[in-house]
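Here is a short report on charged side chains and how they pair. Look at the structure first, then read on.

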Amino acid sequence: MTSMKSTLLAVALLLIPAAMHAGKFQHFKVSTYIRAQDVARMDDEKFLKSTWETVSTQVDLDKIYLETHRDAFIVPEKILNKVKKFFLSKGLEVGGGITFTRSEPTDFETYSYAREEERQLVKKISEYTARFFDDIILDDFFFIDLKNDDEIRAKGSKSWTDYRLRLMADAGRELVVNPAKAVNPKVKVIIKYPNWYDHFHGLGFNLEEEPLYFDGLWTGTETRDPGSAQHLQNYLSYNIVRYFDNIAPGRNGGGWVDAGGIHMSMDRYAEQLHLTMLSRTPEIILWNYMQLAEVKITPQMRAPWQDAGGNSFRYDEMVAPFTKDGKTVTPTTMARFANVTLHQTDQLVGQLGNPVGLVSYKPYHSSGEDFLQNYLGMIGLPMDMHPQWKDDRQQILLTEQAAKDKEIVEKIKGQLRKGGDVIITTGLLKAIKDQLADVCELYCGDLKAIVNDFGFSGKSEREFIIPQVKYFTNDAWEVVSAGRPLNGGVSGYPILLRDTYSKGILFVLTIPDDFGNLYDYPAGALNIIRRAMSKDVGAYIEGPSKVSLFPYDNKTLVVENFNDQAVSVRVVVNSKVGSLRNLLTGEQLKPASLPTPQGFFGRNRFYGYAEGATVFDVTLPAHSYVGLGY
């Protein structure tokens, strides 16, 4: 009898999270945010109720954040209390938000933190907001983008970066966190960082200090249209969460996605939501409430590849009428896309472990080869960015950002001496060539090459420019080469070069002048690169670019296709496994037959499958994913 009671108690405890999110989401919260000017509009009862009717019938929400200030406007107390009471009555958690802008339309004009009257206003806004809420998120703009005479005078002889880093780290503590807690000791003040992390330090976002005194941080995962102003690649929606997780373990509250990119198709919006949650973050904010209420579904959001069928994100099903609370609802806005995507992703993420990947060391406040890791993620290299050097990995990836660390060459030596691998990019090689000569005498200067032929690894569909890497014959070896042409040509250049030092291997990965040309590397070349860099992951993929791998520590993985057409890929597990299980359907995939190694290249460790490896063939429709376990 005692055993039966214990079993029932254990089952009940397991069901608590499900009960807490009954009818909503099992493995994360879904929230939204209302800008100050829109909160003020909700003094109109009709507007308040009609927008809630539109949003709530199409997306399940757990929480809402009400902004008190934006663009020098403060929501009156009476209206704030009214709107807060309304959403509490709907069963939502309610938090606060602040945007410290004077004029968002004027190039995101911020407050001037060298001016005492503006500093006092920032403090007043923080105190005011803390009166109403126990948690407050600062939207993207707690930085400074002004160079007025007062800021110039305060900067003195410092660089703008050094001045702004110190100014804003102090302002956050003195003008926001401490004043808010003096008014409301229970308040949690959270800083939301935007998506352009490689440029933060230039405007005063201090990732080294601010996460230590803010109560948490939040992550902007909007990638929108990768061809637009910021040129942020799809993979960033996942990668940036992982980076911030590693900056402040356990204190990264969630991701934040807006409607940007939805003009490209419903799939582009859905991908951003899905990738954010693949990072295993605990909450997502759908920016913003009025977008959920007003961005209408249009036929242009249905992409041509939907005609082929079988897609992970299915437009026709999303726009079909559905039943909720006994009523038939016809979807009208993007809120429906968010709801279907997140419920679908919810079924997957609960089966995934903790994300893992190829560690890339990016020191605090570092620049160089900006956002490159997101392009590498898009060619199938799973990224795991860290602000500190990691000693416990078999492989470390270093881009030009690592030159910020004055001890980087000694750290490279230490990794190689213990038998590990170091992968450096041509950008880093160029930046530390003289210091690195004590390890390997390599050179990458201003000489360029135009290439399109990768020999037995295949050809690219276009020509592009790469930097030339020079080395001593028989001291370093080319693993992947390219020329124009290479087969039957007159010259070739390293794409992946290897050299040795002590017990380890130093690889040099050639990065094209236009990072987007990484997507032009043929599948044969990408397969070798992925294979060489899979030691800490335990698996890799073979196939074209714009297919990403998301591995986890419980022997699960997700493969996602960002191409506009279906692709065939191979999932290679670096050990003997009997099958792969589709995490959503339960289907068992059997191993494919391995080809017989041919000649020198087939038996070389960089060109053939590792002994004991198991290979599986997978076909993915356009803009679709599959979750697998082994």
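The report below covers salt bridges in this predicted model.

## The overall count

Side chains of opposite charge can pair when their charged atoms come close. In this model the count comes to 46 salt bridges. Some of them join up. Asp 140, Lys 192, Glu 222, Arg 224 and Asp 258 are linked in a network of salt bridges.

Asp 245 and Arg 242 form a salt bridge, with N to O at 3.2 Å. Both residues belong to helix H9, which covers residues 236-247. They sit 3 residues apart, about one turn of the helix. Are these two residues buried or exposed? Both Asp 245 and Arg 242 are buried.

## A pair of sequence neighbours

Lys 433 pairs with Asp 434 in a salt bridge. Their closest N and O atoms are 2.9 Å apart. Lys 433 has 26% relative accessibility, so it counts as partly exposed. Asp 434 reaches 60%, so it counts as exposed. The cut-off for exposed is over 50%.

## A pair across the sequence

Lys 448 and Asp 513 also meet through their side chains in a salt bridge, 3.2 Å from N to O. Which parts does this pair tie together? Lys 448 lies in strand E18 (residues 443-453). Asp 513 lies in the loop between strand E22 (504-509) and helix H17 (523-532). The pair therefore ties together parts that are 65 residues apart in sequence.

Lys 448 is partly exposed, at 40% relative accessibility. Asp 513 is partly exposed too, with a relative accessible area of 42%.

Key. Residues numbered from 1 in each chain as written. Predicted model: local features only at pLDDT ≥ 70, side-chain atom pairs only at ≥ 80, totals over all residues. Heavy atoms only, no water. Salt bridge = Lys/Arg side-chain N within 4 Å of Asp/Glu carboxyl O. Helix = DSSP H or I, 4+ residues; strand = E, 2+ residues; numbered from the N terminus. Buried < 20%, exposed > 50% of the residue type's maximum accessible area, 1.4 Å probe, protein only.
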